[in-house]
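I opened this entry to record what I looked up in one structure.

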Amino acid sequence: MARTLITNIQVFDGTGRAPFAGEVLIEDNRIARVAATASEGRIEAADATVIDGAGATLMPGLIEAHAHLSWPSSIERFIPEFILPPEEQLLATVRNARVLLESGFTSAYSAGALGERIEVVVRNEIDGGWTPGPRLRASTIERSPEGENTGEIDHGRGPEAMKAFVKHCKTIGIDQVKLVISGEDALLPGSSQHILYTEEEVQAAGEQARESDIWLSAHTQAGEAIKMALRAGVRVLYHCTYADEEALDLLEAHKDEIFVAPAIGVIVATLEAKPPPHIDMTSMKEAAVPVVEKCKVLIPELKRRGVRVLPGGDYGFPFNPNGANARDLQHFVDLFGYTPTEALVAATKLGGELMGRADELGLVEPGYLADLLLVDGDPTQDVSILQRRDRLLMIMKDGKMHKAPAQPVARAAA
Ligand SMILES: [Zn+2]
């Protein structure tokens, strides 16, 4: 059995408890012991490889709630186009998986892909250990009723077409299906208030999802879209900008089954973007202004009601690249009144719940998978340090070192 003892660290365990001086023992791919040095003393670990953390903070790997690995752009490579030929799209997706992991994200929950099976194959490669990347819950092409029929997927109207789509997604190995239930002002001004499906269609998707044991997520801006999604059993709701009082009550009533990710990152990035002259972002910028103002009120209210709100900001656009994902935590602090610790809990503990693996992902506790970051500094004081790759001294996923700390590593005396 491979044993690694990380010593001389501050442990942020993901529960919200303040960081404490401690040691963590990893056996194979799981955390075996966590000890607060002051009260529990040191961990006896003969034959363990010892990593001296030199006072850095050990924390759970970050979890991205709205990932788009197949959106081409990353902090490593600017790609102005969105839809690429399939070969380039696949390579970009593989690259972005590595970029996300190297940005501290050890899990990612997809909010849609630019190819039918592209995330399934990348997820399988990651799971097999053949390519680096976060644990990925894979999605497919986002389903909108006006969509083109792509590949084998039928985007036609009516309850039966919805059922066929969901069933097909299960067959090809998709983990969750994303429905675009209301439109998007950034793409078509005013369309956030358009409900794109009938009640029967969304209900049919929900029925088939339960029967096929597959999850649903949805792009929901309008209040009615949120209610429709919740009535049908949608598990993850994106945006929710125009939630009215009735939608808020319904979100609260379902708080133990659902998650909300506002995707504020793309909104802030839209407002900040300085596009080259040949790209006109005027209407996108106009659409983004009210979203920030709405979310500043909405998100604290959802939090007050106990709804699980997660960072995850639609990264992958040229102006909002993959790898910048940790910015969302800072936005939660700056715009939504979260403390850094609350933002960290949302991106770790709640992320584990989002992944459906609350018993083994998102915390530094015995029995949990060893998805760990060693951070130079204290992110509970300043979450912005997570945006700097040079401050991520160690990135471990599933007990395997993706980025090893620079300090010499010693083998403990037996
Ligand atoms: Zn998105």
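**Domains.** I began with the division of the chain: domain 1 covers 3-60 + 362-411, and domain 2 covers 63-354. The model is predicted. I took the centres over C-alpha atoms and got 30 Å between domain 1 and domain 2. Next I looked at the contact, where domain 1 puts in 24 residues and domain 2 puts in 22 residues. On the domain 1 side, I listed the elements that give two or more residues: β5 (57-60), β15 (392-397) and β16 (400-403).

**Core.** Which residues of the largest nonpolar core touch the most other members? I found Ile-181, Ala-229, Leu-237, Val-260 and Val-364, out of 125 residues in that core. Helix α9 (residues 282-304) gives the most to this core, namely eight residues. Domain 1 and domain 2 each supply at least three residues to this core. I then followed Val-260. Leaving out residues up to four places away in sequence, Val-260 touches Leu-237, Cys-240, Leu-251, Leu-302, Val-307, Arg-308 and Val-309.

**Helix α5.** I checked the length of α5 (residues 199-212). At 1.5 Å a residue, its 14 residues should span 20 Å, and the end C-alpha atoms are 20 Å apart, so the two agree. I noted the buried residues of α5 as Glu-201, Val-202, Ala-204, Ala-205, Gly-206, Gln-208 and Ala-209. Their cover includes α4 (159-171), β9 (176-180), β10 (215-222) and α6 (223-231). Just after α5, I found Asp-213 with a positive phi of about 55°.

**Helix α11.** How many residues of α11 (residues 340-347) are buried? I counted eight of its eight, so this helix is mostly covered. They are Pro-340, Thr-341, Glu-342, Ala-343, Leu-344, Val-345, Ala-346 and Ala-347. Among the elements that cover them are β6 (62-67), β13 (308-309), α10 (327-336) and α12 (349-354).

**Glu-40.** I got 13 C-beta neighbours inside 10 Å for Glu-40, so I put it down as partly exposed. The cut-offs here are 20 or more for buried and 12 or fewer for exposed. I also took the C-alpha separation of Glu-40 and Glu-23: 9.9 Å, with the two residues 17 residues apart along the chain.

How values were computed. Residues numbered from 1 in each chain as written. Predicted model: local features only at pLDDT ≥ 70, side-chain atom pairs only at ≥ 80, totals over all residues. Helix = DSSP H or I, 4+ residues; strand = E, 2+ residues; numbered from the N terminus. Expected span 1.5 Å × (residues − 1). Contact = placed C-beta atoms within 7 Å. Core = buried A, V, L, I, M, F, W, Y, C linked by C-beta atoms within 7 Å. Domains from an automatic or database assignment.
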